[in-house]
Structures are given as C-alpha cells and as structure tokens.
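This report walks through a model with two protein chains in view. Keep the structure open and look up each residue as it comes up.

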Amino acid sequence: MEVNKVFLVDDDEIFRTAAEILIKSEGLTRTIEQYKNGLDAYNKLLELAGKINELPDIILLDINMPLMNGWEFLEELRMAPDLINDQVHIYILTSSIAPDDLNLSKEYGFIRGYITKPLTKADVNKMAISVSNPSRQI
Amino acid sequence: MKTNCQPTISIEDLPFPIVVLDKKLEILRCSQIFFDFFELAHSNCQSLTLKEVIGELPISFSKILNRKTFLNKELKEFTAHVTRKHELKWFKMVLYPSQKEKCYYLYFDDVTQKKKTIDLSLQAERAARIGSWEVDLVNHTVFWSDMTREIHETPRSHVPNLETGINFYKEGKHRERIIEVVSECIEKGTPYDEELILVTAKGNQKWVRAIGNSEMINGKASRMFGVFQDIDKEKRASIEYQILTDRMRVAVESSNIGIWDYNIIDNVLVWDDNMYNLYGVKKEDFSGEVAAWETTIHPNDKDRSIQEVEMAIRGEKEFNTQFRIITPEGSIRHIHGQGKVFKNKHGNPVRMVGANADITRIKKVDNRLRQLLNITEKQNKNLLNFAHIVSHNLRSNSSNLSMLTGMLLDNTDPKSQEKFLEMIRISSERLDETVVQLNEIIKIQSDQGKNLQWVKVEPALKNALESINAHIEETDPDISIQIHKELKVYAIKPYLSSIFLNLLTNSIKYRRTEEKLKIKISAKTISNQTIISFKDNGQGIDLKKHGEKLFGMYKTFHGNSDAKGIGLFISKNQMDAMNAIIDVESEVNKGTIFNLCFTNKTD
C-alpha cells in the first residue's frame with residue numbers, strides 16, 4: 001500500500017539520501033520530507049497543526065541528533081498529543097543497538113516500532129503492511 | 001524398797017542439781033538446786049520419779065533396770081527437756097555408781113549453750129563444706145569428721161590413716177606436693193595451706209583446700225590437725241576465669257589492641273603495654289594525663305576526638321571513633337578507639353575504659369581499594385562510552401555502507417551507481433575517521449598521568465594559533481593574550497596544544513555573525529594551581545539544557561553540519577590524562593568561558 005507522505009528525521013545526510021531512494025524504490029510513498037534534526041520536524045508539525053490531511057502517514061525518527069534528539073521530539077509530542085493523530089505511524093530508526101534505547105522506546109506507547117539501521121527493503125515492506133493494518137506493530 | 005544409804009555430807013546442800021538413786025533408779029534424795037533446775041516445787045523428792053522429771057529414760061538407763069548386778073562404771077547421756085516456759089534445754093547426765101553405798105549419783109549439767117554452738121559450727125562446716133581431721137602421731141590414730149569423709153566420699157566404715165589419706169591426692173604433682181608439705185609440717189612444724197586435686201573413693205576428681213598444722217613437743221610433732229575444704233566449684237570457676245583471661249590476654253597481645261583506663265575524677269589515664277607500643281611512646285615519657293594523649297593526636301583530628309570523649313562522658317554518644325596520631329618519630333598512624341563510661345551510684349561518670357587498635361594497614365588497604373574502585377568505575381564509564389561509539393558511530397557508517405552497496409547492486413543505472421559510489425566513498429572516509437578518533441581516545445586514556453612535564457604555556461598557544469591561521473584570516477577575531485611569557489604548567493605538551501586548538505576552533509565556529517569575535521586568553525596562579533581561561537563573545541551554550549552532555553562523546557548542540565561532537569570530549573579526556581580539570585561558564589548569545597585548571601606538581 002502506498003502512503004501519502006513520509007517524514008525522514010536524521011542528521012546523517014548520506015543516510016537520508018540513501019533511505020529516500022530505497023523507500024521510493026519499494027513504492028511506499030512518492031513524497032519524502034527530510035529533516036536533519038528533531039527540532040526542524042517538530043516545527044513542521046506545528047506548522048501543520050489543524051491540517052489533518054497534510055500530516056505525514058509515517059515518521060522515521062533517528063535518536064542521536066543535535067538541537068532536539070529523538071527522545072526530546074517524542075517528549076514534545078507526548079505533551080502536545082493534538083499535533084498528530086493515530087494515523088501518524090512513528091518508527092524509531094537508529095543505528096543504536098543499545099538495550100537502554102530499545103527499553104526507553106517502550107515507554108512511548110504511541111510508537112509503532114523500533115528499527116535498527118541499516119534500513120532494508122523488508123523493513124519498508126513491513127511498514128507498508130502495518131500502515132494498512134493498524135493493529136500490527138513491527 | 002529403800003536401802004541404807006548414808007551419805008557423809010548433806011546432798012540437799014550441794015550447789016548443783018544432783019539426785020541419789022537406788023538400784024532401780026528410784027529417787028532417794030536430791031539437792032535443793034535440783035528442784036530449781038527443773039522448776040519443780042520444793043517438796044519431798046521421794047514422791048518424784050526420774051521419768052516424771054526428764055521424760056523417757058535413755059536406753060542405757062533402762063538397761064540398768066534389767067541388770068542383776070550393780071553397774072561398775074559411770075554412764076554419760078544427753079537428753080533434751082522442754083521447760084515449763086517451753087524452752088528446749090539440753091542436759092548432760094552423768095550417772096556415777098557408788099559401790100560402797102550401792103546407790104547412784106545422777107548429776108545434771110545444762111549444755112544447751114554448748115549444744116547450740118556445736119550445732120551451729122556443724123552447720124557452718126556443712127555449708128562451707130569444711131571438714132576437720134586429726135592425726136595422733138604417737139598412737140598412729142587418725143580422726144576424720146563427717147564432712148571430711150563426705151569430701152573423700154568414703155563410707156562410714158572407712159578407717160583412715162596418714163598414708164591412705166595422702167594416697168587420695170591425685171598422682172603426680174598434687175601428691176608430690178602434699179607429701180612435701182606434710183613431711184615439712186611433721187619435721188619442722190611448718191603449717192601448710194594448699195589447693196590440690198583429690199581423687200575421691202568414688203573416683204571423682206575435686207579441688208580441695210588442705211590446711212594443716214602440727215603440735216610440737218620437745219621439737220617433735222606429736223599431733224597433726226587441720227581442715228579440708230571442698231573448693232571444687234570455686235576453683236573450677238576460677239580456673240575457667242583464668243583460662244578466659246589468658247585467652248583474652250593472648251588475643252589482646254597478638255591483635256595489637258591497647259587498653260586504656262581513664263579516671264575521670266582524678267584525670268589520670270592508665271595505659272597497658274600495648275598502648276605504649278601503639279603510640280610509640282616510652283612508659284617513662286608518658287605523664288598519665290589526658291593532655292599527654294591529646295598532644296599525640298593529629299592536629300586535624302584533635303578537636304573532634306576530644307569532643308567525642310567529652311560527648312561520651314556526658315552520655316550523648318558512645319565513644320567509637322577513628323583518629324590519626326603522630327608518633328614521636330613523626331609517622332602517622334590511624335587509630336580506632338572505642339570506650340565505655342562507668343558511672344557511680346549517683347549516676348555521675350567516674351571512669352572510662354576502652355581500647356585502641358592500630359588500623360593503619362586496614363586504612364591503607366581500604367584507600368587502595370577505593371582507588372581501584374574509582375579507576376574501575378572510570379574504566380566502566382569509558383567502556384560504556386566505547387559501547388556507545390561502537391553502537392552508534394561505527395554502526396551508522398557501516399550500516400550506510402551496507403545499504404548503499406545493496407542499492408548499488410540492485411540498481412544498474414550508471415548515473416545512480418556513480419551517486420551511490422560517491423556516497424560509499426564518503427561513508428567509508430567517515431568510518432575511517434571514527435576509527436582514528438577511537439584510537440586517539442584509547443591512547444589518551446592509556447596515557448593517564450604519564451609523560452607529564454613542565455610545559456611553557458605561551459609557545460603551545462602560539463603553536464595552536466599558527467595551525468588555524470587560515471581560519472583566523474577569514475574571520476579576523478580580536479585575540480588578546482594575557483599570559484606571562486615564562487608561565488609553565490605541569491602537563492603533556494601535545495595535549496596542551498590540542499586543547500588550545502580545539503577551544504580556539506570552537507570559538508571561531510560558534511561565533512555570532514552579527515558581532516566581531518573577541519577572544520581573551522588569560523591565566524592566574526593561586527597557590528599550586530594555575531587556571532588558564534579562554535573567554536569569547538560567541539553564541540554561548542544553554543548549560544541548563546546541555547551542561548551534563550557538554551563533554552560527552554558525539555554530542556552536538558548547535559545544529560552545524562560540521563559539528564562532530566568529538567572535540568570537547570577529546571579535550572576533556574586529555575585534561576583527565578593530565579590530572580587537570582576543565583570547566584565551563586556560558587550564557588546564550590553572550591559568550592563562553594572555558595577554564596583549564598592545572599595542579600602543579602610540588603617537588
């Protein structure tokens with residue numbers, strides 16, 4: 001299933017470029033918006049407040065980023081749940097394999113999954129299935 | 001049945017109770033005192049019978065009645081009698097046969113007092129378990145009292161003699177000793193008083209106190225007498241106590257614990273030998289006053305220790321503390337002191353007794369352990385940091401590589417492939433860079449405290465400035481250096497330059513574009529510490545938000561694309577390796593000050 005829009009939040013430009021190509025080639029979406037840190041993505045969500053149709057279907061969120069890291073971004077969302085709705089699927093996409101990070105991610109109930117880099121075709125396809133079948137998590 | 005008895009003097013007038021009896025013990029006559037003695041009315045004695053006066057007759061008396069012949073020797077009997085005042089009285093009765101008169105004289109003696117005394121002494125003997133004995137050295141007879149028999153656990157039928165008496169003593173030193181003292185007592189009349197072990201007739205061992213003496217006649221002992229006391233219970237308790245005391249003494253001696261005893265009222269402090277060893281003080285040099293103890297305490301611990309003694313005396317806190325002392329030779333020892341305060345019946349403290357132990361060795365080991373623990377904790381933290389780098393930075397590059405190579409293989413379009421190859425090149429370069437950084441950090445951490453030397457600050461600073469010449473020309477900052485040409489710090493030379501370089505680069509990187517960059521580098525020395533400060537008027541940093549992470553690895557704060565989050569982490573590691581401290585003061589949009597604090601080696 002193809003979705004409207006994906007936010008890719010990561011400070012690593014190479015990764016952003018590669019991931020965009022991979023996601024598009026798998027046909028998950030045609031529109032990917034790149035943000036190089038949590039703050040930029042958060043500001044965009046503030047801009048979209050009230051415009052439900054323009055919200056992304058998927059947010060792929062890195063953890064280690066300057067200015068506002070992944071956790072801080074999630075905290076902001078937790079404080080302002082109105083910014084997104086249930087249609088927005090958030091995935092943590094990180095190179096960290098530290099158990100602490102995985103455990104911490106479980107404290108945010110609204111996260112759909114925790115993916116460790118490298119991002120694979122299989123990961124992208126699972127996301128596609130999950131979006132069409134909201135009860136499933138990856 | 002009256003016989004012709006004609007006494008030559010008047011019986012009636014005799015000044016003691018006496019009666020004259022016929023062969024059948026019928027009263028013939030009596031003295032006037034007799035009536036008084038038995039509180040009888042003065043009347044005709046012939047109307048009285050002996051039975052009426054003294055009650056049931058003793059068996060020996062009754063036998064006389066059945067005799068055909070006249071008794072030819074005197075008879076002694078004791079009898080009890082309850083007076084009209086309900087007092088118990090004891091009498092000795094002596095029956096004298098008078099062959100000439102063919103009658104008996106019966107004499108009464110009041111022995112109540114004697115009887116009581118004997119009873120009491122028997123009771124005392126029993127209670128104290130004291131038995132008596134006597135040896136007649138002329139006739140070779142031995143007398144043992146009941147208690148003496150009981151102590152020896154012999155049957156009543158046992159007939160003791162001097163030799164068998166001695167054989168009751170335990171073979172070995174106990175028997176040898178008794179033979180020695182008895183011989184001396186017989187030969188020279190020397191009395192003895194010994195505590196020895198006896199083996200009773202029943203085979204039980206018990207401690208006795210044997211006291212003996214002899215009666216010398218013409219330089220020859222005629223009689224030996226003495227007492228035995230069963231001291232088994234007390235002796236065993238005292239032996240037990242002695243063993244405990246000995247054990248305690250050995251423990252105290254070998255554990256290097258000193259005991260002290262402080263008389264609070266007289267202000268006298270008594271030390272045992274161990275205390276003198278502990279404090280390295282000679283007995284003759286110690287005045288025995290508390291002040292003498294106080295002078296040995298380390299100045300930094302003195303007030304506290306004295307206060308703790310006073311608090312213990314006031315009953316506010318138990319005395320259980322540690323302090324250092326300085327021995328006359330000047331060495332420092334750690335002492336653990338414990339004490340207890342004793343009060344008189346009015347509740348006033350009068351005495352304090354306690355122990356001191358030398359815990360210097362334990363202290364040293366403890367400190368060493370603490371040091372090791374600190375190092376371990378630090379290493380652990382470092383390891384976690386490494387885990388973090390491996391997990392994050394190495395993986396972020398390697399995962400890019402794996403993604404890109406996969407995509408390169410999937411995609412045959414030459415233009416795309418070229419793009420992927422360029423991205424692969426960048427990723428592999430970054431991977432290489434990360435590995436180099438890791439290597440550098442490992443090197444710094446293994447350099448901890450090594451290669452330290454006196455380094456001139458100014459040349460190191462000039463060196464750093466030169467290497468960023470291009471940047472400086474581009475941004476044209478005001479750099480003011482207020483450092484004495486000769487200032488030196490105890491450091492590792494390349495690290496010092498590297499830190500300077502990093503701080504200068506940061507100032508340039510995070511300057512405010514709207515204002516000309518000003519950098520002021522100054523130094524001050526306070527006692528053995530030199531602080532070099534780098535102050536700029538740049539963007540500053542929100543320390544409330546980022547303060548904790550500022551010196552962390554791969555932490556970036558400004559969103560600059562060229563920020564790697566490694567510079568301050570490396571600077572911090574280098575400062576650690578030089579046992580120096582880096583700290584920061586900053587305000588957003590005002591500027592930042594980094595202080596480098598070096599502790600200079602004192603030779």
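About 2000 Å² is buried between chain A and chain B, and carbon and sulfur atoms give 58% of it. Buried area here is the accessible area (1.4 Å probe) that two parts lose on being put together, summed over both. Ile14(A), Leu67(A) and Ser95(A) lose the most area in chain A, together 29% of what that side buries. The size of an interface is often given in this way, as the accessible area lost when the parts come together.

This is a predicted model, in which local features need pLDDT of at least 70 and side-chain atom pairs count only at pLDDT 80 or more, while totals for chains, interfaces and linings use all residues. Residues are numbered from 1 along each chain as its sequence is written, chains are lettered from A and ligands numbered from 1 in the order in which they are written, and side-chain values use heavy atoms, with hydrogens and water left out.

**Where the chains meet**

How many residues of each chain are in contact with the other? Chain A brings 22 residues and chain B brings 24. Contact means heavy atoms within 4.5 Å.

The interface of chain A and chain B also holds two salt bridges. A salt bridge is a side-chain nitrogen of Lys or Arg within 4 Å of a carboxyl oxygen of Asp or Glu. One pairs Asp12(A) with Arg430(B), at 2.9 Å from N to O.

On the side of chain A that touches chain B, helix α1 (residues 13-25) gives the most, with seven residues. Helices (H or I, at least four residues) and strands (E, at least two) are DSSP runs, numbered from the N terminus. The residues of this side of chain A divide into 12 nonpolar, six polar and four charged. In this count, Ala, Val, Leu, Ile, Met, Phe, Trp, Tyr, Cys and Pro are nonpolar, Asp, Glu, Lys and Arg are charged, and the others, Gly among them, are polar.

**Salt bridges**

Over all chains, the search finds 37 salt bridges. Here are some of them.

| Pair | Closest N and O atoms |
|---|---|
| Lys121(A) and Asp410(B) | 2.5 Å |
| Glu486(B) and Lys456(B) | 3.4 Å |
| Glu458(B) and Lys462(B) | 3.3 Å |

Lys121(A) lies in helix α5 (residues 121-132) of chain A and Asp410(B) in helix α12 (residues 360-410) of chain B, so the pair joins two chains. Lys121(A) is partly exposed, at 38% relative accessibility. The cut-offs are simple: buried means under 20% relative accessible area, exposed over 50%, partly exposed in between (1.4 Å probe, protein chains only).

Glu486(B) sits in the loop between β17 (478-482) and β18 (488-491), and Lys456(B) in strand β16 (residues 453-456), so this pair ties together parts of chain B that are 30 residues apart in sequence. Glu486(B) is partly exposed at 47%. Lys456(B) is partly exposed too, at 35%.

Glu458(B) and Lys462(B) are four residues apart in helix α14 (residues 457-467) of chain B, so about one helical turn separates them. Is Glu458(B) buried or exposed? Glu458(B) is buried, at 16% relative accessible area, while Lys462(B) is partly exposed at 40%.

**Nonpolar cores**

The largest nonpolar core has 45 residues. Such a core is a set of buried Ala, Val, Leu, Ile, Met, Phe, Trp, Tyr and Cys residues joined through side-chain atoms within 4.5 Å. Among the residues with the most contacts inside it are Phe500(B), Ile532(B) and Phe598(B). Helix α16 (residues 493-509) of chain B gives the most to this core, with seven residues. A second, separate core of 29 residues includes Ile32(A), Tyr91(A), Val131(A) and Leu408(B).

**Backbone details**

A cis peptide bond joins Lys117(A) and Pro118(A), with omega about 0 degrees. Pro118(A) is in the loop between β5 (111-116) and α5 of chain A. Leu25(B) has a positive phi, near 65 degrees, and is not a glycine. Leu25(B) is buried, at 4% relative accessibility.
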